[in-house]
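This briefing walks through selected features of the structure shown below.

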There are 4 protein chains.
Amino acid sequence: MEHVDVVPTPAEFAWTFGGASPLRTLRPGTLLTAWSEDAFSGQLRGTADVTSAQTFPGLNPQTGPFFVEGAEPGDTLVLHLVDLRPARSHGVSSLVPFFGGLTSTDRTATLQPALPERTWVYEVDTAAGTVGFVAGGEVAGGGDWSVALPLEPMLGTVGVAPAAGEVRTSLVPDVFGGNLDTPEMRVGTTVYLRVNVPGALFSLGDGHYRQGEGESCGTAVEGAMHSTLLVDLVKGSASGGGPAWPRLEDDEFLMVVGSGRPLEDAWRAGQVDAVAWIADLTGLDTLDAYQLLSQISRVPLANVVDANYSCVTKIPKRFLRGAPAYGGVHADLRARARGL
Amino acid sequence: MEHVDVVPTPAEFAWTFGGASPLRTLRPGTLLTAWSEDAFSGQLRGTADVTSAQTFPGLNPQTGPFFVEGAEPGDTLVLHLVDLRPARSHGVSSLVPFFGGLTSTDRTATLQPALPERTWVYEVDTAAGTVGFVAGGEVAGGGDWSVALPLEPMLGTVGVAPAAGEVRTSLVPDVFGGNLDTPEMRVGTTVYLRVNVPGALFSLGDGHYRQGEGESCGTAVEGAMHSTLLVDLVKGSASGGGPAWPRLEDDEFLMVVGSGRPLEDAWRAGQVDAVAWIADLTGLDTLDAYQLLSQISRVPLANVVDANYSCVTKIPKRFLRGAPAYGGVHADLRARARGL
Amino acid sequence: MEHVDVVPTPAEFAWTFGGASPLRTLRPGTLLTAWSEDAFSGQLRGTADVTSAQTFPGLNPQTGPFFVEGAEPGDTLVLHLVDLRPARSHGVSSLVPFFGGLTSTDRTATLQPALPERTWVYEVDTAAGTVGFVAGGEVAGGGDWSVALPLEPMLGTVGVAPAAGEVRTSLVPDVFGGNLDTPEMRVGTTVYLRVNVPGALFSLGDGHYRQGEGESCGTAVEGAMHSTLLVDLVKGSASGGGPAWPRLEDDEFLMVVGSGRPLEDAWRAGQVDAVAWIADLTGLDTLDAYQLLSQISRVPLANVVDANYSCVTKIPKRFLRGAPAYGGVHADLRARARGL
Amino acid sequence: MEHVDVVPTPAEFAWTFGGASPLRTLRPGTLLTAWSEDAFSGQLRGTADVTSAQTFPGLNPQTGPFFVEGAEPGDTLVLHLVDLRPARSHGVSSLVPFFGGLTSTDRTATLQPALPERTWVYEVDTAAGTVGFVAGGEVAGGGDWSVALPLEPMLGTVGVAPAAGEVRTSLVPDVFGGNLDTPEMRVGTTVYLRVNVPGALFSLGDGHYRQGEGESCGTAVEGAMHSTLLVDLVKGSASGGGPAWPRLEDDEFLMVVGSGRPLEDAWRAGQVDAVAWIADLTGLDTLDAYQLLSQISRVPLANVVDANYSCVTKIPKRFLRGAPAYGGVHADLRARARGL
């Protein structure tokens, strides 16, 4: 198996999906290890660093794009997350003015002033498998309340180049994936993305050492990450032309991640695609698939902070009587990952 | 311990929160067993029964209201779910025209015709702990695909009389609780509701033998239920005046259920109250509580089908360093329930 | 013609739609003059009065309800606005904490503090037909910028008792009308409301000396009002069972006012009913009516501040080739009003 | 005055904002006449042509982009609409499957089938100043109901290249303008757009012979257009850095067009910018400007059909006591237009 290891220079970071030159070309079947910078471009190093005082080259830098040989529009790109390993000894979270779920924003505008800024630094304890929350940042009285939270690494952002010649910021998720910010994007998960342009041109970044569902303050425990993935491809004829929305699979669940506003539309998108997926795998008609989904789906939120919100619909595979998705590629990749 | 057992006649069903005479008066500390009819008023008995062909006395009948002695506005009503037992050997789910999450409705109106109607009957297998999904209802070709799903009883609707003299249909949840439709309303959960009128006047109903998160087709596996609850009261001075939104607690999580439209507003409501709750229990300031919540909350949807949507914010108690909510009433009730 | 003149005492104010005893019984054909208190219950008298410092008996008091003889569910209540005359020499507007369109609210909750409070008093100049905006309230430096705005009286709130036994606050509009807050509710307009209970039980209040579309700060130039209306009734068989949403008519336009959240749903509701109305009056099928509406409708917002938003769809009557609505009752009432 | 006349070939059409090479370079002060193809790329020629049967090169082709000499990020591009003249003798409107306001869409997804397709052809009567609606397209029984509607030409789409390297489809409006679909984009209106890239790179297209507010069926009376504009520039220091959202001005109103989802967010964006604009022009503080706006704004919807909705906030200039926007450039351009 080919193993490609990529550490981009800052000048090589991608800030958009679409519109960037390929960083590397990969063959389907490749094992990729990619280092990614954190969403703050590495500029928040202590609790005294707040975003309004920085001059960022950009936010949410991506590692990529990767050109996948043989990928054509209508194919399905398959990425299996083999390993996610923090690349720093600390993660950072920060309140960004007019960004987040419990503040007005440029998209949900009010006349109120912004919330105060504050930055939290979370030390990574690899042995214990934790990141440490410490209250208060630099504010007076801070620091005397702390708790260790489980280290649960995930990728906030994985996506491909959009259709129709669009070039889209890495900050806003959509049908092409991108900044979905779901904790389901973890080790053991397989990602399915519709290919829109030759080579697919996928990128990844926005490592999170952990994140709650919804990411309400706008930022997770952000950190540079070493990500190891198996890259594969299902050709269009076998994949039904590529999924309408990003699909995920782990050992227990099939998942669809819808994005949009208002939040119910993000939910609807994922649910409608989940109905289609169930019908496709089981032979049930649309109404039966709708009924079954209604009684079995789990629906955790992903993000309620980006310019498109994201919501995950999860289908327990054990209730589908065994039909494998995409010809069983997840199980194959899982086995290959175990063999590494 | 006083044990009250109530089986209302159809004439005694309540159809609203507020506006109904008390069915019974209860003392705090009482163990209540209440039978409730299903949301279809028991009128769907087979797969040939569809809702448009019925003349319903009403939908979502409630058992209650119960007048709790000593409950005053500003107090917190406490209901601990000790047992939920299906009162029939089958549950029913049905597609109701222009109702549900993946169809246009009277609230999200389009010019498209309604989806076809269909009714599913789920046999309860108590020994196996399952309800059986069978494809197709009466449609040709139906019936040849089936799967047993776990029996996971819950109450769709629990609420108190609203404030400001309002009388509200049992179909639409809001700050007073009501038709929240969250699977978290299960055995082992304690419910906290702000008392708005003397006696609190709580009702319950809408038993579900199981339900997916979001309840996307609009109805769960609906069934008559025997519900057993411990009824308690936290006086206003001790409860901070009653929660802004319904709060739940189980052994692992504190939860807040926000309701509203669009769905992000239901989420925001629950999140803002969760921040306040964390701050109250830990002494963290608002920004620290916001940060902590962001990294630890789990956010499953409840319903995306009623005229107000509902969303649950869950806070793992183990990350709050031990401060008990409401003086530890959940643990007390849990212990009492175990002793029954 | 019978002329009924009503000035309720504060104890007679209604605060809800439904749930209040009739203030007076009226025969169809009656001319009603009703005095209504302002939405602040008359308690803001100067720029130093802010809402958080008051103890209100309630907000948005209504004059009514009026029991209309012969009105039965399925009929259409018809109210023609003959005259709206300010009952005070000044109107008041105020920023209410966490209320309004450009602030977070209890429904769109954030962690930000409320905007500052401020109250504006608008002197009414009857001769000039103006109300005077003066900057600043009591704040330092206020008062040196002023402008006279046209006096354009309207009623913020007109509605009937809801269906299904509900009792609803006068603050939130819905299918029964209520707090629509549209400037179209002016002299010369005829209102059509579906009757839900015997006698219809309509109320009115919330006089505005003027209001912008959307009512963004949450309050108009609020003032006590003398309202004169012709009350009429179209029986169910002639009215098609009563409109789904409040309908209005003036000499130029047919209008439907939808309410709900998100705002697009308020819009959709009004548009779908407008399509049905056009189809009904012209004989066009649904798709042609949809097409015609798309090219001719005017769509001003009403309110984006209440717990349900309201949006008006206006259809220029001249493009419908002359079919009169409700048998021409608007023209009849207009003629009767002119003859007074 | 320099007069540039541009008729692009189909190969020269732009389909995005950003990402296209300049079609022409213009000096500020230039008079531009630009021909634009209709949003259907000219492929719907009769009522038998429906969109699902066509293979479009793309939808909503733009004429441009135009590189404006001297335009730098932070400047304000000024476009004054001097003349809009239909370039064909007929316009076309069509129901596109799963597109429009009163149907489910890919963004507001349901399981219902699409509405039927239908296409309407509107003959232009230049002498009478009308376009003719004829019921029914090719369907049986169609054609016997018709009405002449006023010819009121407008441009659906005007925008500049977005910031941050994005390339955005011409179908979705945002802060850079684009597919706003407001009838206010008519002769006599001046458009202000923030410049994001050197040269501004503005494009225009999507001519409408008329359109209702909201554009509910998804398409206006679409037609090829000859547009004549005066192109100007206000440098950043004089323009305050360019408006946050597209601003318009005519002889009576200042306007801001916000875009987003849900619709209340589109409204909020425009309102918040309108408050800032009023404060800037009058010296009122934010709360006074908010209050004044609340009582004077008119708020017609623009589109409720695109992936971002658009809503217009209109401020009557006469209530601002005379402070001219952008140094009075609208009046200057108006005078120059009259002198042509």
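## A serine at a strand

B:S93 lies in strand β7 of chain B, which covers residues 90-94. The model is predicted. The points below start from this residue, then turn to helices and to the relation between chain copies.

**Surroundings of B:S93**

- B:S93 has a relative accessible area of 0%, so it counts as buried.
- Its side chain reaches across to another chain, making a polar contact with the side chain of A:Q295 at 3.3 Å.
- Within chain B, a polar atom of the B:S93 side chain lies 3.2 Å from the backbone oxygen of B:A220.
- From chain A, B:S93 touches A:Q291 and A:Q295, leaving aside residues up to four places away in sequence.
- With the same exclusion, its contacts in chain B are B:F40, B:R118, B:T119, B:W120, B:Y122, B:C217, B:T219 and B:A220.

**Helix α3 of chain B**

- The buried set is B:L287, B:D288, B:A289, B:Y290, B:Q291, B:L292, B:L293, B:S294, B:Q295 and B:I296.
- At the start of α3(B), a side-chain oxygen of B:D285 comes within 3.2 Å of the backbone nitrogen of B:L287.

**Helices α2 and α3 in chain A**

- In chain A, helix α2 (residues 263-282) packs on helix α3 (residues 286-296) at about 115°, and the axes are 8 Å apart.
- The crossing of α2(A) with α3(A) is right-handed.
- On the α2(A) side, the contact uses A:Q271, A:A274, A:V275, A:I278 and A:A279.
- On the α3(A) side, it uses A:T286, A:A289, A:Y290, A:L292 and A:L293.
- By class, this contact of α2(A) with α3(A) holds eight nonpolar residues, two polar ones and no charged ones.

**Helices α2 and α3 in chain D**

- In chain D, the axes of helix α2 (residues 263-282) and helix α3 (residues 286-296) come within 8 Å and cross at roughly 115°.
- α2(D) passes α3(D) in a right-handed crossing.
- D:Q271, D:A274, D:V275, D:I278 and D:A279 of α2(D) meet D:T286, D:A289, D:Y290, D:L292 and D:L293 of α3(D).
- The contact of α2(D) with α3(D) has eight nonpolar, two polar and no charged residues.

**Chains A and D**

- Chain A superposes on chain D by a rotation of 180° with 0.0 Å of shift along the axis, at an RMSD of 0.0 Å.
- The two copies are therefore related as by a two-fold rotation axis.
- Among the residues of chain A, A:V167 comes closest to the rotation axis, with its C-alpha at 2.2 Å.
- The copies meet through the same surface, because 100% of the interface residues of chain A are also interface residues in chain D.

**Chains C and D**

- Chain C can be laid on chain D by a turn of 180° and a shift of 0.0 Å along the axis, with an RMSD of 0.0 Å.
- C:P300 is the residue of chain C that comes closest to the rotation axis, at 2.2 Å for its C-alpha.
- The same surface serves both copies, as 100% of the contact residues of chain C recur in chain D.

Key: Residues numbered from 1 in each chain as written. Chains lettered and ligands numbered in written order. Predicted model: local features only at pLDDT ≥ 70, side-chain atom pairs only at ≥ 80, totals over all residues. Heavy atoms only, no water. Helix = DSSP H or I, 4+ residues; strand = E, 2+ residues; numbered from the N terminus. Buried < 20%, exposed > 50% of the residue type's maximum accessible area, 1.4 Å probe, protein only. Polar contact = N/O pair within 3.5 Å; in protein donor to acceptor, adjacent residues only side chain to side chain. Contact = heavy atoms within 4.5 Å. Axes fitted to C-alpha atoms, helices over the stretch in contact; angles between N-to-C directions. Left-handed = near helix turned anticlockwise from the far one by under 90°. Nonpolar A, V, L, I, M, F, W, Y, C, P; charged D, E, K, R; others polar. Least-squares fit on C-alpha atoms with pLDDT ≥ 70 in both.
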